[in-house]
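Hi everyone, thanks for making the time today.

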Amino acid sequence: MEMSIESWFNLHYYGFGHGVDGGGYDDDEEEEDESEEEEPTPKEPIVEVDDREFPFHDDVFYINLKGPRVRTGFDNLPMEILLNIFRFLNGVDRDAAALTCKRWFDAMGYRDFLDEVCFHFEEVSICDGTPPIALFLRSFRHFSNIKLTRVQFNGYCEFWDVFGEYLREITFCNCITLTKSKLTMILKRLPFLECLALEEADEFFKTWTPVELKRIEPVCRCLRKLALRKSNAFTVDHLYYLVAMGPNISALEISKCLKQIDAPTRVKILTTILTIMKMRKKKLQAVDFSYTMYDDLFLKQFAEIENMSLSQISLSFFERAPIKDPGIIDILRCQSAIVHLDLSSFLNLTDFALIEISTSLRLLKTLKLNGCWLLTDFGVESIYKLDRLQVLDLSDCDKISDRGFMKAIVDRRRDCMSQLYLSMLPGLTDSVILKICLTLLNLTVIDFCGSDCMNDTSVQFLFCYLKCLRILRLNGCVKISDAGLTGENLPVAVIEIWDTQTTFAICELRSLQELQLSGCFKVTDFTLTHAFRFRELRELNLAHCVQISEPGIEAMSLNCPALEQIDMSDCFHVNDRCVVALAKNLVRLRSLKLVRLPLLTVASVDALVEYAKALRYINIRGCPKIPKDAPERLKKIATLRNIPKC
C-alpha cells in the first residue's frame, strides 16, 4: 500500500527512517533477514509528482520520499514527543486524552504530570471499607500528591501499603484525630516521600507530648521539604524531631505561624529555627517565613549564618525596622545566589533595600514586592539591572508612577519576561501601557486589577501586541466598556495609517485561559455576543457586570466550550434560562458561583441536576427564590464536592 507524501513528511519529521543503510527496520528484523539469506528486494522507484500542493519546500519532500513506507499516526508517536505535546494541556484535558488509548494513558504516568494533580480527601474516613478509600483501593493507577483535610483515621488502613511507594507529597490539614503514632505509621509506608506539610496542626502538636528525642522514627531520607503552616502550638522539641526525621531536607517553610503565643516562647522558637538553619546550612536551598511573626534581630542573625547559599527566600515583615542598616539589607548582601525572592507584605522595605536587590542579586528571575508601600520611583528604577527577570509583582505599591516603571522595565529589551502584576497602582497612566506592549511581547500573565490606567484604548493595545496572553485580570477596571473589548464604536482607532483604521477584539487572544472582568459594569451582552469566542478559556469572572443577561450568556456558553469555572455573582439580570444554557452547553463546568441573583428559581437547580454532570463546586447563596430544599436536590449530582447553604 502506497503512502501519501504528507505521511512521509511526518515520518521524517519524527525521526523515523534514519538508519545507516537508509532503512527504517528494527535490529531484530535485520537479523532475521541475514539468517534467512534472502536476496534483497529492489527498491521501488520514486515517482515524482509535479502538481503537489503542500505548504512545504520541495527540498524537504525530496529527502522525505526516501523514508520507509510504514503507517504512522499520533498513536505511534515517540514517547518524548507525546510528553511534549501533553505539556501544553491542562490536567482536565490530559485526563480526557488518557482515555484515548493505552499509549496515551501510559504518558499520563509521567512524573511531572502526576505531581500537578492533588487528590484532596476532605471530611472523610480513612478506612478500607468505606468510600472513597474503598474506591481508590480498586484503582488501576497511582498518584503522587494527596491532601487530607479534617479526615478521621480509623485504625489500620491498607491504602498506605498499596499506594505508599508512589506518594511524593502529603499534606495534613486540621486533622484532629492525627496522633504521633498514626503519623509514624503512615510515614513508615512512604519510603520516597519528598514533601511533608502540617497545616493547622495545633491539636496534633498538643497531643504529641512529651517528645522523645532519643529515638527518631521514621527516618525519611528522601524528604526534601518540611512545611508548617498556620500552626502556633509546636515547640522546640517538635521542630528538632521533625527536622531530624529528614536528614536531607533542603527546603524549610514555617509560614503564618507564631501569631498567638507569648513573646518569650516566640523568641525561643525563632532561636531554634536559626540553629536548625546553621546545622543544615550546606544542604538548605529554600526558606519560607512569610507571614510569620519575627523581628529585625532574627533577620540580623539570619544574615550572620556563614557558608549558606539559598536560591529561594520568602519573607514578610510587620514589625518596625530600624531606619539605618535593617536586617534585610544584610541578608541580600550575603545571599547573592537567590533566584526567586518573595517579599510580599514586607511593610518596611525601603528603596535602599530594593537598590541592594538589584545590585547584588543579578541571577534573580522572580521578584514579588506586593504591598511594599514604602517603595518609590527612586528604588524601582534600579530594577533595570535585573536582565534575567521573568516574574515581577509590584501590586499595591501605590507610590510608583510612570517615570519609575518606564526606567525599570520599558527602557531595555526583556524577551524573557512572562508575568507582570500591576494591580492597585493609581500612579500609572494609560501612556505606559503601549510601552509595556511594545517591550514585553512574550507576556503570558498580566494583572491590572483596580488600576486607573486601563481604559478602552489601553486594552486595545493588549489585544494588538500581546498575542501570547493566557491570563488577563482586569477586575475593577471600571473604564473598560464594550467599545474597548470588541473594537467597535471606538472614538479613536488604535492604528490609523492614511485612511485605514484598525481595531482589535479580545477574541484575538486565542490562547486566553483565564479572564477576570469583575466590576466592569459597562460590559454588556454586546461583548459576550460579538467578542467572546475562546476555544481554550477555562475560567471567567463576570461578577458585578450588572448589564449582562440571557442573550449574551447563551452566546458565550456556545462559543466558549472549554469553560470550567464561572462567577456571575450580583448580575441581577441572570435568570433560569441563563443557568440552563450554561448547564447544557458547558460539559466541562466544574465550579459555578451564583450569589445574590434574585431571578433564580428551582428551575435552575433542576437544570444543574439534569445537565451539569461534571459540577464539583457551587455557591448559590442570597437567591431568595431558591427553595430551602435546594441542597437536597443538588446532592443528586454525583460529582458535587460541597453542599451549598442557601
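Let's begin with the largest pocket, which has a volume of about 2000 Å³. Before I go on, please keep in mind that this is a predicted model. The lining of that pocket is made up of 45 residues. If you want to find the centre on your own screen, look for Cys118, Phe119, Arg590, Arg616 and Arg641, which lie nearest to it.

Which elements supply the lining of the largest pocket? Those giving at least two residues each include α5 (91-97), α7 (111-116), β1 (119-122) and α8 (133-136). Helix α5 gives the most, with five residues.

Around the largest cavity you will find Val243, Ile249, Leu252, Ile276, Met277, Arg280 and Leu284. By class, that lining is six nonpolar residues and one charged, with no polar ones.

On to the aromatics. How many aromatic pairs does the structure hold? There are 26 aromatic pairs, and I've picked two of them to show you. In one, the ring centres of Phe136 and Phe159 are 6.5 Å apart and the planes sit at 70°, so this pair is edge-to-face. Phe136 belongs to helix α8 and Phe159 to helix α9 (residues 159-163), so the pair ties together parts 23 residues apart in sequence. Phe136 and Phe159 are buried.

The other pair is Phe153 with Phe172. Here the centres of the rings are 6.4 Å apart and the planes are at 50°, so the pair is tilted. Phe153 is in strand β4 (residues 152-153) and Phe172 in strand β5 (residues 169-173), so this pair ties together parts that are 19 residues apart in sequence. Phe153 and Phe172 are both buried as well.

One aromatic cluster is worth a look too: Phe119, Phe121, Phe136, Phe143, Phe159, Trp160 and Phe163 form it.

What about cysteines? The structure holds zero disulfides. Take Cys571, which is in no disulfide: the nearest cysteine sulfur is that of Cys545, 5.6 Å away. Cys571 is buried, with a relative accessible area of 0%, and Cys257 is also buried, at 0%.

Two last stops in the interior. In helix α25 (residues 602-611), the buried residues include Ser604, Val605, Ala607, Leu608 and Val609. What covers the buried residues of α25? The cover includes α24 (576-585), β22 (591-593), β23 (617-619) and α26 (630-634).

Finally, Leu394, which sits in the loop between β13 (391-393) and α18 (402-410). Is Leu394 buried or exposed? Leu394 is buried, with a relative accessible area of 1%. Beyond its neighbours within four places in sequence, Leu394 is in contact with Leu369, Val380, Ile383, Ile400, Phe405, Tyr421, Leu422 and Leu425. Leu369 is 25 residues from Leu394 in sequence, yet the C-alpha atoms of the two are 5.3 Å apart in space.

Definitions and conventions: Residues are numbered from 1 along each chain as its sequence is written. This is a predicted model: local features need pLDDT of at least 70, side-chain atom pairs count only at pLDDT 80 or more; totals for chains, interfaces and linings use all residues. Side-chain values use heavy atoms; hydrogens and water are left out. On a 1 Å grid over the protein atoms alone, a cavity is a set of points where a 1.4 Å probe fits but cannot get out, and a pocket is an open set with protein on both sides within 12 Å along at least five of seven lines; lining residues have an atom within 4 Å of a point. Grid points are joined across faces, edges and corners, and a volume is the space filled by probe spheres set on the points. Helices (H or I, at least four residues) and strands (E, at least two) are DSSP runs, numbered from the N terminus. Rings of Phe, Tyr and Trp (its six-membered ring) pair if their centres lie within 6.5 Å; planes under 30 degrees apart count as stacked, over 60 as edge-to-face and the rest as tilted. Buried means under 20% relative accessible area, exposed over 50%, partly exposed in between (1.4 Å probe, protein chains only). A disulfide is a pair of cysteine sulfur atoms within 2.5 Å. Ala, Val, Leu, Ile, Met, Phe, Trp, Tyr, Cys and Pro count as nonpolar, Asp, Glu, Lys and Arg as charged, and the others, Gly among them, as polar. Contact means heavy atoms within 4.5 Å.
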